[in-house]
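Take a look at it first, and then we'll walk around it together.

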Amino acid sequence: MLLYPHALLHALTSVFLLIVFTSPACVQANAVEVPIEFRNPDGLVKSLKPTELNTLARQKTVKVFEVHEGRERQYKVYPVQSIFDQMFGPGWRTADEIIFTCRDGYQPGIPVVKFLTYDAYLAVASADNTPFTLSNTLQNHEIVALGPVYLIWDNLKSPALLDEGASDMPYQIAHIELASFAARFPGMFPPAGASAETRRGFLHFRKYCMACHTINGQGGGKAPELNYPVSITEYFSPGYLKQWIDNPASLRYNTTMPALAAEIPEREKVIEEIIAYLTAMRDVKRIMQPAENSKGASEKLPVLPFLY
Ligand code: HEC
(Lines give C-alpha, C1' and ligand atoms only; values in the text may rest on other atoms or scores of the structure.)
Protein backbone atom coordinates (compact mmCIF):
# COMPACT_ATOMS: atom_id res chain seq x y z
CA MET A 1 0.00 0.00 0.00
CA LEU A 2 2.91 2.31 0.58
CA LEU A 3 3.65 3.30 -2.95
CA TYR A 4 1.31 2.43 -5.73
CA PRO A 5 -1.40 -0.09 -5.08
CA HIS A 6 -2.20 0.66 -8.69
CA ALA A 7 1.00 -1.00 -9.80
CA LEU A 8 -0.70 -4.29 -9.16
CA LEU A 9 -3.20 -3.39 -11.76
CA HIS A 10 -0.75 -2.48 -14.39
CA ALA A 11 -0.79 -5.83 -16.10
CA LEU A 12 -4.53 -6.15 -16.02
CA THR A 13 -5.92 -4.60 -19.06
CA SER A 14 -8.95 -6.55 -20.08
CA VAL A 15 -10.15 -7.69 -16.71
CA PHE A 16 -12.97 -6.04 -14.91
CA LEU A 17 -12.13 -4.46 -11.67
CA LEU A 18 -13.71 -4.83 -8.29
CA ILE A 19 -12.82 -2.49 -5.53
CA VAL A 20 -13.77 -3.82 -2.16
CA PHE A 21 -13.26 -2.09 1.14
CA THR A 22 -12.29 -3.62 4.42
CA SER A 23 -15.23 -2.09 6.21
CA PRO A 24 -17.26 -4.67 8.09
CA ALA A 25 -19.98 -4.42 5.49
CA CYS A 26 -17.43 -5.09 2.78
CA VAL A 27 -19.21 -2.95 0.27
CA GLN A 28 -18.56 -3.76 -3.30
CA ALA A 29 -17.48 -1.71 -6.22
CA ASN A 30 -17.83 1.89 -5.32
CA ALA A 31 -15.31 4.21 -3.77
CA VAL A 32 -18.08 6.66 -2.97
CA GLU A 33 -18.88 4.73 0.21
CA VAL A 34 -15.62 5.64 1.96
CA PRO A 35 -15.95 8.73 4.16
CA ILE A 36 -13.60 11.68 3.93
CA GLU A 37 -12.67 13.74 6.96
CA PHE A 38 -12.66 17.52 7.11
CA ARG A 39 -10.38 18.98 9.78
CA ASN A 40 -9.39 22.39 11.04
CA PRO A 41 -6.64 23.34 13.52
CA ASP A 42 -8.92 22.27 16.38
CA GLY A 43 -9.42 18.77 15.00
CA LEU A 44 -12.15 16.88 13.19
CA VAL A 45 -14.95 19.06 11.85
CA LYS A 46 -16.94 16.37 10.13
CA SER A 47 -16.59 13.03 8.45
CA LEU A 48 -18.85 12.40 5.51
CA LYS A 49 -19.29 10.13 2.56
CA PRO A 50 -18.86 11.63 -0.88
CA THR A 51 -22.54 10.95 -1.60
CA GLU A 52 -23.34 13.20 1.38
CA LEU A 53 -21.54 16.18 -0.13
CA ASN A 54 -24.89 16.99 -1.71
CA THR A 55 -26.04 18.20 1.70
CA LEU A 56 -23.49 21.03 1.40
CA ALA A 57 -23.57 22.02 -2.27
CA ARG A 58 -25.25 21.21 -5.53
CA GLN A 59 -23.64 18.60 -7.73
CA LYS A 60 -22.81 19.57 -11.28
CA THR A 61 -20.91 18.25 -14.26
CA VAL A 62 -17.72 19.89 -15.48
CA LYS A 63 -15.51 19.23 -18.42
CA VAL A 64 -11.77 19.60 -17.83
CA PHE A 65 -8.61 18.78 -19.64
CA GLU A 66 -7.59 15.59 -17.84
CA VAL A 67 -3.87 16.21 -17.58
CA HIS A 68 -3.11 12.66 -16.47
CA GLU A 69 -4.66 11.27 -19.66
CA GLY A 70 -3.97 14.09 -22.08
CA ARG A 71 -7.62 14.44 -23.13
CA GLU A 72 -10.85 16.16 -22.14
CA ARG A 73 -13.08 14.40 -19.63
CA GLN A 74 -16.23 15.11 -17.68
CA TYR A 75 -16.71 14.55 -13.99
CA LYS A 76 -19.53 14.86 -11.48
CA VAL A 77 -18.32 17.44 -9.02
CA TYR A 78 -18.99 19.78 -6.12
CA PRO A 79 -17.52 23.31 -6.12
CA VAL A 80 -14.72 23.53 -3.56
CA GLN A 81 -15.53 27.08 -2.46
CA SER A 82 -19.10 26.17 -1.47
CA ILE A 83 -17.97 23.01 0.30
CA PHE A 84 -15.30 24.86 2.26
CA ASP A 85 -17.71 27.70 3.16
CA GLN A 86 -20.10 25.14 4.61
CA MET A 87 -17.47 23.01 6.26
CA PHE A 88 -15.02 25.55 7.66
CA GLY A 89 -17.05 28.77 7.69
CA PRO A 90 -16.05 31.86 5.71
CA GLY A 91 -12.82 32.21 7.77
CA TRP A 92 -11.12 29.66 5.53
CA ARG A 93 -10.77 32.35 2.89
CA THR A 94 -8.21 34.24 4.98
CA ALA A 95 -6.41 31.11 6.14
CA ASP A 96 -3.10 29.84 4.89
CA GLU A 97 -3.22 26.35 3.40
CA ILE A 98 -5.44 23.41 2.69
CA ILE A 99 -3.70 20.10 3.22
CA PHE A 100 -4.97 17.03 1.39
CA THR A 101 -3.99 13.61 2.68
CA CYS A 102 -4.33 10.72 0.29
CA ARG A 103 -4.62 7.03 1.08
CA ASP A 104 -1.02 6.28 0.15
CA GLY A 105 0.43 9.06 2.33
CA TYR A 106 0.75 11.61 -0.47
CA GLN A 107 0.04 14.93 1.22
CA PRO A 108 0.04 18.10 -0.88
CA GLY A 109 -0.56 21.46 0.79
CA ILE A 110 -2.24 23.95 -1.50
CA PRO A 111 -2.29 27.68 -0.68
CA VAL A 112 -5.80 29.01 0.04
CA VAL A 113 -5.20 31.81 -2.43
CA LYS A 114 -5.16 29.31 -5.29
CA PHE A 115 -8.71 28.24 -4.40
CA LEU A 116 -9.78 31.88 -4.44
CA THR A 117 -8.12 32.54 -7.79
CA TYR A 118 -9.29 29.49 -9.75
CA ASP A 119 -12.33 27.26 -9.70
CA ALA A 120 -11.58 23.94 -8.05
CA TYR A 121 -13.95 20.99 -7.69
CA LEU A 122 -14.17 17.82 -5.68
CA ALA A 123 -14.94 15.13 -8.24
CA VAL A 124 -16.87 12.09 -7.00
CA ALA A 125 -17.60 10.20 -10.22
CA SER A 126 -17.14 10.17 -13.97
CA ALA A 127 -19.98 11.96 -15.68
CA ASP A 128 -20.57 9.24 -18.27
CA ASN A 129 -20.87 6.25 -15.90
CA THR A 130 -17.44 4.96 -16.85
CA PRO A 131 -15.39 3.76 -13.86
CA PHE A 132 -14.05 6.51 -11.62
CA THR A 133 -10.47 5.69 -12.57
CA LEU A 134 -7.89 7.03 -14.94
CA SER A 135 -5.03 5.71 -16.94
CA ASN A 136 -2.08 7.78 -15.81
CA THR A 137 0.14 8.61 -18.77
CA LEU A 138 2.52 10.25 -16.30
CA GLN A 139 3.03 6.92 -14.54
CA ASN A 140 3.28 4.25 -17.22
CA HIS A 141 -0.48 4.25 -17.83
CA GLU A 142 -1.18 2.74 -14.46
CA ILE A 143 -4.90 2.44 -13.78
CA VAL A 144 -5.61 4.68 -10.85
CA ALA A 145 -8.75 4.63 -8.68
CA LEU A 146 -9.79 8.23 -8.06
CA GLY A 147 -12.27 7.86 -5.23
CA PRO A 148 -13.44 8.65 -2.71
CA VAL A 149 -12.68 12.16 -3.92
CA TYR A 150 -10.44 13.71 -6.58
CA LEU A 151 -9.45 17.38 -6.72
CA ILE A 152 -9.72 18.95 -10.17
CA TRP A 153 -9.49 22.48 -11.58
CA ASP A 154 -11.38 24.28 -14.31
CA ASN A 155 -8.34 24.40 -16.54
CA LEU A 156 -10.36 24.91 -19.72
CA LYS A 157 -11.54 28.25 -18.36
CA SER A 158 -8.15 29.17 -16.86
CA PRO A 159 -5.40 28.17 -19.26
CA ALA A 160 -2.74 29.31 -16.75
CA LEU A 161 -3.59 26.14 -14.87
CA LEU A 162 -2.71 24.00 -17.86
CA ASP A 163 0.90 25.09 -17.46
CA GLU A 164 0.95 23.60 -13.99
CA GLY A 165 0.47 20.11 -15.34
CA ALA A 166 -0.83 17.58 -12.83
CA SER A 167 0.31 19.47 -9.75
CA ASP A 168 -2.31 20.06 -7.07
CA MET A 169 -4.59 17.31 -8.40
CA PRO A 170 -4.54 14.69 -5.64
CA TYR A 171 -6.84 11.69 -5.91
CA GLN A 172 -7.94 9.08 -3.34
CA ILE A 173 -8.28 11.94 -0.89
CA ALA A 174 -9.00 10.78 2.66
CA HIS A 175 -8.63 14.01 4.69
CA ILE A 176 -9.03 17.67 3.85
CA GLU A 177 -7.57 19.97 6.46
CA LEU A 178 -7.53 23.72 6.95
CA ALA A 179 -4.14 24.57 8.44
CA SER A 180 -1.55 27.17 9.20
CA PHE A 181 1.63 25.97 7.59
CA ALA A 182 3.87 27.37 10.33
CA ALA A 183 1.84 25.75 13.10
CA ARG A 184 1.51 22.45 11.28
CA PHE A 185 5.10 22.00 10.04
CA PRO A 186 7.41 24.01 12.34
CA GLY A 187 10.22 21.49 11.84
CA MET A 188 10.59 22.29 8.15
CA PHE A 189 11.63 25.93 8.45
CA PRO A 190 15.17 26.88 7.47
CA PRO A 191 17.40 28.20 10.26
CA ALA A 192 17.17 31.84 11.32
CA GLY A 193 19.27 34.09 9.08
CA ALA A 194 19.06 31.72 6.09
CA SER A 195 19.97 33.24 2.72
CA ALA A 196 17.36 34.39 0.21
CA GLU A 197 18.34 31.44 -2.01
CA THR A 198 17.64 29.00 0.84
CA ARG A 199 14.33 30.65 1.62
CA ARG A 200 13.28 30.42 -2.03
CA GLY A 201 14.39 26.79 -2.00
CA PHE A 202 12.11 26.19 0.99
CA LEU A 203 9.14 27.51 -0.99
CA HIS A 204 10.03 25.29 -3.95
CA PHE A 205 10.42 22.31 -1.63
CA ARG A 206 6.94 22.98 -0.24
CA LYS A 207 5.53 23.16 -3.72
CA TYR A 208 7.34 20.31 -5.43
CA CYS A 209 8.64 17.86 -2.83
CA MET A 210 6.90 17.83 0.52
CA ALA A 211 3.75 16.15 -0.71
CA CYS A 212 5.85 12.97 -0.66
CA HIS A 213 8.88 13.64 1.58
CA THR A 214 9.43 14.61 5.19
CA ILE A 215 12.03 16.97 6.63
CA ASN A 216 12.68 16.44 10.33
CA GLY A 217 9.75 14.03 10.35
CA GLN A 218 7.23 16.50 8.91
CA GLY A 219 5.62 16.46 5.49
CA GLY A 220 4.17 13.74 3.29
CA GLY A 221 4.31 10.07 4.22
CA LYS A 222 4.97 8.59 0.81
CA ALA A 223 8.75 8.85 0.41
CA PRO A 224 11.91 8.85 2.56
CA GLU A 225 12.88 11.47 5.13
CA LEU A 226 15.56 13.76 3.66
CA ASN A 227 17.21 15.43 6.69
CA TYR A 228 17.24 13.31 9.84
CA PRO A 229 19.44 11.78 11.14
CA VAL A 230 21.73 12.28 8.13
CA SER A 231 20.90 14.87 5.51
CA ILE A 232 20.62 13.69 1.93
CA THR A 233 23.19 16.39 1.12
CA GLU A 234 25.72 14.52 3.28
CA TYR A 235 25.55 11.26 1.33
CA PHE A 236 24.57 12.39 -2.18
CA SER A 237 27.21 14.58 -3.82
CA PRO A 238 25.75 17.85 -5.14
CA GLY A 239 26.13 16.74 -8.75
CA TYR A 240 24.24 13.50 -8.22
CA LEU A 241 21.59 15.21 -6.12
CA LYS A 242 20.99 17.63 -8.97
CA GLN A 243 20.84 14.77 -11.44
CA TRP A 244 18.45 12.90 -9.15
CA ILE A 245 15.94 15.75 -8.91
CA ASP A 246 16.27 16.36 -12.65
CA ASN A 247 15.81 12.73 -13.62
CA PRO A 248 15.72 10.08 -10.86
CA ALA A 249 15.44 7.19 -13.31
CA SER A 250 18.83 8.15 -14.78
CA LEU A 251 20.37 7.06 -11.46
CA ARG A 252 18.12 4.33 -10.13
CA TYR A 253 16.42 1.84 -12.41
CA ASN A 254 12.69 1.63 -11.85
CA THR A 255 12.58 4.31 -9.16
CA THR A 256 9.08 5.50 -8.35
CA MET A 257 10.05 9.12 -7.81
CA PRO A 258 8.89 11.31 -10.71
CA ALA A 259 11.29 13.83 -12.25
CA LEU A 260 10.65 17.48 -11.44
CA ALA A 261 8.09 18.60 -14.03
CA ALA A 262 9.74 19.67 -17.28
CA GLU A 263 7.58 22.78 -17.72
CA ILE A 264 8.62 24.50 -14.48
CA PRO A 265 10.02 27.96 -15.25
CA GLU A 266 13.72 28.44 -14.45
CA ARG A 267 13.88 24.79 -13.61
CA GLU A 268 17.65 24.60 -13.16
CA LYS A 269 17.63 27.50 -10.71
CA VAL A 270 14.74 25.89 -8.86
CA ILE A 271 16.77 22.71 -8.43
CA GLU A 272 19.77 24.65 -7.15
CA GLU A 273 17.64 26.54 -4.66
CA ILE A 274 16.06 23.31 -3.41
CA ILE A 275 19.56 21.92 -2.83
CA ALA A 276 20.50 25.13 -0.97
CA TYR A 277 17.49 24.57 1.29
CA LEU A 278 18.33 20.91 1.88
CA THR A 279 21.93 21.86 2.65
CA ALA A 280 20.90 24.55 5.15
CA MET A 281 18.64 22.09 6.95
CA ARG A 282 21.72 20.11 8.02
CA ASP A 283 22.17 22.72 10.74
CA VAL A 284 18.71 22.12 12.17
CA LYS A 285 18.41 18.37 12.51
CA ARG A 286 15.78 17.40 15.00
CA ILE A 287 13.01 14.92 15.01
CA MET A 288 9.71 16.65 15.45
CA GLN A 289 6.53 14.97 16.46
CA PRO A 290 5.35 13.87 13.02
CA ALA A 291 2.40 16.00 12.08
CA GLU A 292 -0.68 13.84 12.28
CA ASN A 293 -1.31 11.90 9.07
CA SER A 294 2.15 12.44 7.74
CA LYS A 295 4.28 9.37 8.33
CA GLY A 296 2.46 6.14 8.00
CA ALA A 297 -0.80 7.68 6.92
CA SER A 298 -1.51 4.57 4.98
CA GLU A 299 -1.36 2.38 8.06
CA LYS A 300 -3.91 4.47 9.88
CA LEU A 301 -6.35 4.62 7.01
CA PRO A 302 -8.52 1.79 5.86
CA VAL A 303 -6.74 -0.10 3.15
CA LEU A 304 -8.29 -0.40 -0.27
CA PRO A 305 -7.42 -3.85 -1.54
CA PHE A 306 -7.81 -4.36 -5.24
CA LEU A 307 -9.31 -7.67 -6.22
CA TYR A 308 -9.20 -9.08 -9.68
C1 HEC B 1 5.36 11.79 -6.00
C2 HEC B 1 6.19 11.64 -4.84
C3 HEC B 1 7.54 12.32 -4.83
C4 HEC B 1 7.84 13.63 -5.06
C5 HEC B 1 6.87 14.75 -5.44
C6 HEC B 1 9.24 13.78 -4.81
N7 HEC B 1 9.79 12.59 -4.46
FE8 HEC B 1 11.73 12.24 -3.97
N9 HEC B 1 11.34 10.28 -3.76
C10 HEC B 1 10.11 9.70 -3.88
C11 HEC B 1 10.22 8.27 -3.68
C12 HEC B 1 9.08 7.29 -3.77
C13 HEC B 1 11.58 8.04 -3.41
C14 HEC B 1 12.24 6.69 -3.16
C15 HEC B 1 12.53 6.20 -4.55
C16 HEC B 1 13.68 5.30 -4.68
O17 HEC B 1 14.34 5.02 -3.67
O18 HEC B 1 13.93 4.90 -5.83
C19 HEC B 1 12.25 9.30 -3.47
C20 HEC B 1 13.61 9.46 -3.26
C21 HEC B 1 14.24 10.68 -3.18
C22 HEC B 1 15.64 10.86 -2.89
C23 HEC B 1 16.65 9.75 -2.62
C24 HEC B 1 16.63 9.38 -1.17
C25 HEC B 1 17.61 8.29 -0.86
O26 HEC B 1 18.23 8.35 0.22
O27 HEC B 1 17.77 7.37 -1.67
C28 HEC B 1 15.88 12.21 -2.91
C29 HEC B 1 17.19 12.92 -2.67
C30 HEC B 1 14.63 12.86 -3.23
N31 HEC B 1 13.66 11.91 -3.40
C32 HEC B 1 14.46 14.22 -3.34
C33 HEC B 1 13.29 14.83 -3.78
C34 HEC B 1 13.17 16.25 -4.03
C35 HEC B 1 14.24 17.28 -3.78
C36 HEC B 1 11.90 16.46 -4.50
C37 HEC B 1 11.30 17.74 -4.99
C38 HEC B 1 11.93 18.37 -6.10
C39 HEC B 1 11.24 15.17 -4.53
N40 HEC B 1 12.11 14.21 -4.09
C41 HEC B 1 9.92 14.98 -4.93
C42 HEC B 1 8.91 10.33 -4.16
C43 HEC B 1 8.79 11.67 -4.45
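**Around the ligand**

Helix 7 (residues 238-246) is the biggest giver to the shell around the ligand, contributing three residues; helices here are DSSP runs of H or I with at least four residues, strands are runs of E with at least two, and both are numbered from the N terminus. Keep in mind that this is a predicted model, where local features need pLDDT of at least 70, side-chain atom pairs count only at pLDDT 80 or more, and totals for chains, interfaces and linings use all residues. Residues are numbered from 1 along each chain as its sequence is written.

In total, 21 residues surround the ligand, and the closest are Cys-209, Cys-212, Ala-223, Thr-255 and Met-257.

Now find the open sheet of five strands, ordered 3-2-12-6-7 with mixed pairing; two strands pair if DSSP finds at least two bridges between them. Strand 3 (43-48) and strand 7 (109-111) are at the edges with a single partner strand each, so one side of each has no neighbour in the sheet. Further in, strand 2 (residues 36-40) and strand 12 (residues 173-179) pair in the parallel sense over three bridges, and Glu-37 has His-175 as its bridge partner in strand 12.

Elsewhere, strand 8 (residues 120-126) and strand 11 pair in the antiparallel sense over four bridges. Leu-122 has Leu-151 as its bridge partner in strand 11.

Terms used
A residue is near a molecule or strand if its C-beta atom, placed from the backbone, lies within 6 Å of it.
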